[in-house]
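These are my notebook entries, written while I looked through a single structure and put down what I found there.

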Amino acid sequence: MNAPRTVMLELTRMEAAHLAGLVTQFAELLEDAESSAGDPAIARLVPDAYADDAEAAQNFRDMTEGDLLERRRQDAGMVLSSLGEAATLPEDAEPGDEVLMELVELRLERDVLQAWLRALAAIRLVLATRLEIRSEEDHDVDDPRFGIYEWLGYRLNGLVQAASDDD
């Protein structure tokens, strides 16, 4: 898929702030990746390349995991940078304040759009791992964490659609 030159993304200031929080948590998880060996979420981000050969899979992981996680860190940084001021809420803002629902428009150039696509997909994988989502039946509509998972999917789908529209 070739990304368009620019995609315009419209979010509320509250959505931007929440997304910045999620991306920050994701970046922190990646920073702690070496000390959290065996974390299923990290394993999900760097899946085995050889399902039938444990030794080959480990060798491949040893050669690629650091670079792949570094790329994910860079993607998270690009997303946070592009959110910038849009994700900043006034210190005195309270639920229901109009400023929280103010729409902000982000211009995502090709490289930044690709970083957004990779980062949102990776964050969604981490959430799926943490929530133990393996199929549709694993979805709990009463658990607000699943709402975040769905919202990320909605935003990711919109960005994929916008990128595809230019192809």
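I began with Glu132, which counts as exposed because its relative accessibility is 52%; buried means under 20% relative accessible area, exposed over 50%, and partly exposed in between, with a 1.4 Å probe and protein chains only. The model is predicted, so I kept in mind that local features need pLDDT of at least 70 and side-chain atom pairs count only at pLDDT 80 or more, while totals for chains, interfaces and linings use all residues. Residues are numbered from 1 along each chain as its sequence is written, and side-chain values use heavy atoms, with hydrogens and water left out.

Entry on the loop residue. I placed Glu132 in the loop between α5 and α6, where helices (H or I, at least four residues) and strands (E, at least two) are DSSP runs, numbered from the N terminus. Most residues other than glycine have a negative phi. Glu132, however, has a phi near 60°, a positive value in a residue other than glycine, and this residue comes just after α5.

Entry on α5. I noted that α5 has 21 residues and reaches 30 Å from its first C-alpha to its last, which is close to the 30 Å expected at 1.5 Å a residue; the expected span of a helix is 1.5 Å times one less than its number of residues.

Entry on the core. Which residues touch the most other members of the largest nonpolar core? I found that they are Leu11, Leu83, Trp116 and Leu159, in a core of 46 residues. A nonpolar core is a set of buried Ala, Val, Leu, Ile, Met, Phe, Trp, Tyr and Cys residues joined through side-chain atoms within 4.5 Å. The elements that give two or more residues to this core are β1 (6-12), α1 (13-31), α2 (40-45), α3 (54-83), β2 (103-109), α5 (110-130) and α6 (144-165). Of these, α5 gives the most, with 11 residues. I then followed Leu11 and, leaving out residues up to four places away in sequence, listed its contacts (heavy atoms within 4.5 Å), among them Leu83, Val104, Trp116, Trp151 and Arg155.

Entry on salt bridges. Side chains of opposite charge can pair when their charged atoms come close. A salt bridge is a side-chain nitrogen of Lys or Arg within 4 Å of a carboxyl oxygen of Asp or Glu, and by this rule I have a count of 10. One of them joins Glu15 and Arg155 at 3.1 Å, N to O. That pair links distant parts of the chain, with Glu15 in helix α1 and Arg155 in helix α6, 140 residues apart, and I wrote down that both Glu15 and Arg155 are buried.

Another salt bridge joins the side chains of Glu31 and Arg73 at 3.4 Å, N to O. Here too the pair links distant parts of the chain, from Glu31 in helix α1 to Arg73 in helix α3, 42 residues apart. Glu31 counts as exposed because its relative accessibility is 55%.

In the salt bridge of Asp75 with Arg71, the closest N and O atoms are 3.5 Å apart. Both residues lie in helix α3, four residues apart, about one turn of the helix. Is Asp75 buried or exposed? Asp75 is buried, because its relative accessible area is 3%, whereas Arg71 counts as partly exposed at 39%.

Entry on Met14. I found Met14 in helix α1, and at 24% relative accessibility Met14 counts as partly exposed. Met14 and Leu103 are 89 residues apart in sequence and 9.0 Å apart in space, C-alpha to C-alpha. Not counting residues up to four places away in sequence, Met14 touches Leu89 and Leu100.

Entry on Arg107. This residue is found in strand β2, and I marked Arg107 as exposed because its relative accessible area is 55%. The C-alpha atoms of Arg107 and Arg5 are separated by 9.8 Å, although the two are 102 residues apart along the chain. With residues up to four places away in sequence left out, Arg107 touches Thr6, Val7 and Met8.
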